[in-house]
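This report looks at the spaces inside one protein model and at the residues that surround its ligand. Please keep the sequence and the 3D view open while reading.

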Amino acid sequence: MLEQQWVNICTYLEKEVGPSAYKSWIIPLKLYEIEGSVAKFEVPTVFIGNWVSRNYGQKIYDGFKKQGVIIERLEFTTPILTKPDDKTISVTTESQEKTFENKVGVSLPSSPLDSRFTFSNFVVGRPNELAHAAARRVAETSAVTFNPLFLYGGVGLGKTHLMHAIAWETKNRNPNARMLYLSAEQFMYRFVQALRFKDMHGFKELFRSVDMLMVDDVQFIAGKESTQDEFFHTFNALVEHGKQIVISGDRAPGEIDGLEDRIKSRLAWGLVVDLHPTDYELRLGILQSKVEVQSKLHPGIFIDSGILEFLAHRISSNVRVLEGSLTRLYAYASLVGRKVDIDMAQECLADILRISERKVTIDEIIRKVSDHYNLRMSDMISARRSRVIARPRQVAMFLAKTLTSKSLPEIGRRFGGRDHTTVIHAVKKIEDLKHKDLQIAEEVEILRRMLEA
Ligand code: ADP
Ligand code: MG
């Protein structure tokens, strides 16, 4: 009897609240008893109980009324989080606080943290300053200010680095904090294992016992329904108890296909910050900081700033690739025992450079440079050697060498059939002048920006 009535009420509620809210909030309710005018439900989390009571309470009363049952109070019980002697949480009284107990002593299946991924090793620039500030805030304040912190951005922009940094910093500040960092994939793996070994209770308890939960690459659970479901409940339980959650994804919550709407909206509740693609300055800063580390490992090898600038210009895809290319350069240099110069860098990193090549053409370079210096394009490729023309021509050759992957002979050919040694000379000359002559340095920089824009 009770069951049939509840089915009817559900049908009514589905029409009233819409299919999506119905799925998120009504389906999880299990009506197990009606005692007098009190309807008692079992719910996965206290949060859901509160939410339902606040937002759908009246509708539920109406539903009962339509079935001829007068209900005056709704009671919600959570099966897992409560102590046995205090099983019932009534949302009409405010007794739900302290039912959430930490299971101290249970070891957490946290993934190992990379010791290099700390705040001190994270180089801050315009593209990542907001994400960095938010991560620091989460690590440094014990009060939960935004929950969750959602970090997103493309591959290799530092999401995992920042999450580990939060974990390290939190550990430093509070060695007893129970922190769980894992990828969404591992979350799913644990969930599936729990199902298989019929230990959902243990799973839930474990995940609900932490002070901070960090889930990396959440897009992984897109399209995986029951994992999402469990994730949703874990998430709610923790938020509700003021535990910090940090999530990363490859795009904004709303844009992750295959993620349920209720999860998307949940993820966007706190602070959503993105890591923008790196800019030249940030890439250069990262390279400089990595060189500091590498130069200790390879004391004999010297990579000068010109090479770093070259790499920062040419490898814009992601930081992982940038780091990889530097490591490769060091290895290469230590093998061949030569000083690292641009030619060597180009040779050693040919594959990477080809992939990250921007489509700047020599024609464009010639056009922009001659515009900039008020010259005719024909001057650039002419045989004239007067300085007003020769210097801009050298700048153009330098840009052709650093912004395209054309060979020296090819560049020479395009500049009026000059010899490749002329191009080498031009590149050296401008590299040299950039250090000595501020105006040249600025001009080259402006031209580069215009060409790369
Ligand atoms: P994601 O998780 O976003 O794919 P990672 O955090 O794994 O990227 O970063 C890729 C690599 O780049 C790591 O080795 C990381 O240390 C490095 N990295 C990324 N951003 C920075 C930065 N701002 N400063 C220093 N290293 C960085
Ligand atoms: Mg990552």
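This is a predicted model: local features need pLDDT of at least 70, side-chain atom pairs count only at pLDDT 80 or more; totals for chains, interfaces and linings use all residues.

A pocket, as the word is used here, is an open set of grid points with protein on both sides within 12 Å along at least five of seven lines, and its lining residues are those with an atom within 4 Å of a point.

The largest pocket has a volume of about 850 Å³. Its lining is made up of 35 residues, of which Phe117, His161, Lys290, Val319 and Glu323 are the closest to its centre. Helix 5, helix 10 and helix 12 are the elements that each give two or more residues to this lining, and helix 10 makes the largest share of it, with seven residues. Sorted by class, the lining of the largest pocket holds twelve nonpolar, 15 polar and eight charged residues.

The ligand is surrounded by 18 residues, and the closest of them are Val123, Gly156, Lys159, Thr160 and His161. Helix 5 (159-173), helix 10 (280-297) and helix 12 (319-336) each supply at least two residues of this shell, which by class consists of seven nonpolar, seven polar and four charged residues.

| Residue and its atom | Atom of ligand 1 | Distance |
|---|---|---|
| Val123, backbone N or O | nitrogen | 2.8 Å |
| Asn128, side-chain N or O | nitrogen | 3.2 Å |
| Leu157, backbone N or O | oxygen | 3.2 Å |

On its own, ligand 1 has 560 Å² of accessible area, and the protein covers 94% of this.

The model has two cavities of 30 Å³ or more, and the largest cavity holds about 80 Å³ of space. Which residues line the largest cavity? They are Gly306, Glu309, Phe310, His313, Ile342, Phe398, Thr402, Glu431, Lys434 and His435. Helix 11 (305-314), helix 17 (387-403) and helix 19 (420-436) each contribute at least two residues to the lining of the largest cavity, with helix 11 giving the most, namely four residues. By class, three residues of the lining of the largest cavity are nonpolar, four are polar and three are charged.

Notes. Residues are numbered from 1 along each chain as its sequence is written. Chains are lettered from A and ligands numbered from 1 in the order in which they are written. Side-chain values use heavy atoms; hydrogens and water are left out. On a 1 Å grid over the protein atoms alone, a cavity is a set of points where a 1.4 Å probe fits but cannot get out, and a pocket is an open set with protein on both sides within 12 Å along at least five of seven lines; lining residues have an atom within 4 Å of a point. Grid points are joined across faces, edges and corners, and a volume is the space filled by probe spheres set on the points. Ala, Val, Leu, Ile, Met, Phe, Trp, Tyr, Cys and Pro count as nonpolar, Asp, Glu, Lys and Arg as charged, and the others, Gly among them, as polar. A residue is near a molecule or strand if one of its heavy atoms lies within 4 Å of it. A polar contact is a pair of N or O atoms within 3.5 Å; within protein, one must be able to donate a hydrogen and the other to accept it, and residues adjacent in sequence count only if both atoms are side-chain atoms. Accessible areas come from the Shrake-Rupley method with a 1.4 Å probe; for residues, only the protein chains shown count as cover.
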